[in-house]
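Please look through the sequence and the structure below before reading on. The paragraphs that follow begin with one contact and then widen the view.

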Amino acid sequence: MTFGQQSPDRLAVWAAGTVLLVAVIWLAWGERTVRAVTVGQPATLTGALGETQRVVASPVPDDAAWAMPEASVDPDVWGFEVFTPPIIYYDPATGRFSVAAPEVVEVANAPLAQPFGVRLVSVERQPYPLQLVGYAGTPADPLGIFANEVSGEGIVARSGHRFGDLGLHVQSLVIRREDLVVPESMPLREIVAEAVVRDEREDRQVRLSSARPAWNSQPVAQLVIEATGEIREVVAGNRVELADGMIEITGVFAVPDSVTAVKQLVDGTRETQRLMPNGPAAAQFGGDTIFETP
């Protein structure tokens with residue numbers, strides 16, 4: 001056997017030795033890199049694409065001094081420790097929550113014994129000035145039966161018709177089948193008319209359906225301020241000032257009629273309640289209102 005001709009066993013031994021040598025070199029290089037990073041020495045790493053990156057460790061010294069948290073300049077922001085969290089009270093009889101800072105714990109449950117301050121009378125939704133109450137014709141040539149809520153007129157019109165006195169323009173009108181969901185029953189399929197109307201005064205599109213009435217966007221609630229008897233009309237986002245605090249209306253709902261509100265007292269205590277007309281307040285669990293600690 002000549003020098004250029006090697007047996008398969010000898011070639012296998014040669015290849016295994018080469019792989020072992022490469023592995024030893026790789027481990028030695030990796031250990032050197034880790035040690036360099038650990039002691040804070042800059043290490044040079046070469047990525048798969050040949051780019052060079054410098055890694056510099058930033059060890060934390062044993063005598064590092066951590067800055068103490070500073071108090072907020074905002075008087076409404078609470079500061080508390082891990083073992084002194086805010087105090088939360090819930091009254092199941094009225095469905096009211098009270099959230100107070102730890103330093104006012106001795107009076108935190110006082111708001112629950114006092115009236116909330118406002119009472120819901122009713123929730124009203126104004127009907128949209130144009131209603132689609134029926135249809136005629138065929139799906140290829142549909143006609144809509146519209147009711148003008150301002151003048152009381154009934155008008156049969158096609159797509160493209162403009163109601164000048166209302167500032168409304170019918171952009172499209174279709175007749176289609178729609179599934180009607182009935183509680184505890186199988187869905188019913190009915191034929192309805194649907195129109196897309198351009199409201200030129202409010203610069204928006206409104207969708208009308210013969211299957212249901214159309215309403216203006218925001219329901220309006222009537223509240224009674226218990227201390228004075230004053231009736232106030234509010235929408236979501238309004239605030240009502242009282243002698244002992246501020247009430248923010250977080251939601252007004254028409255189905256069913258209800259209002260969610262958050263009351264903030266002068267000491268920072270926050271209380272949330274869902275108001276119902278002529279009835280006790282509903283519990284907040286699973287409700288629409290979320291209260292936040294400052």
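**From one contact to the whole protein**

The side chains of Arg274 and Ser258 make a polar contact at 2.8 Å, a term that stands for a pair of N or O atoms within 3.5 Å, where within protein one must be able to donate a hydrogen and the other to accept it, and where residues adjacent in sequence count only if both atoms are side-chain atoms. This is a predicted model, in which local features need pLDDT of at least 70 and side-chain atom pairs count only at pLDDT 80 or more, while totals for chains, interfaces and linings use all residues. Residues are numbered from 1 along each chain as its sequence is written, and side-chain values use heavy atoms, with hydrogens and water left out.

Arg274 belongs to strand β18, residues 270-275, and is buried, with a relative accessible area of 11%; buried means under 20%, exposed over 50% and partly exposed in between, with a 1.4 Å probe and protein chains only.

Asp203, by contrast, is exposed at 55% relative accessible area and sits in the loop that runs between β11 (188-199) and β12 (204-209). Its phi is near 55°, a positive value in a residue other than glycine. Most residues other than glycine have a negative phi.

Taken as a whole, the protein has two helices and 18 strands, which are DSSP runs numbered from the N terminus (helices H or I, at least four residues; strands E, at least two). Of its 294 residues, 28% are buried.
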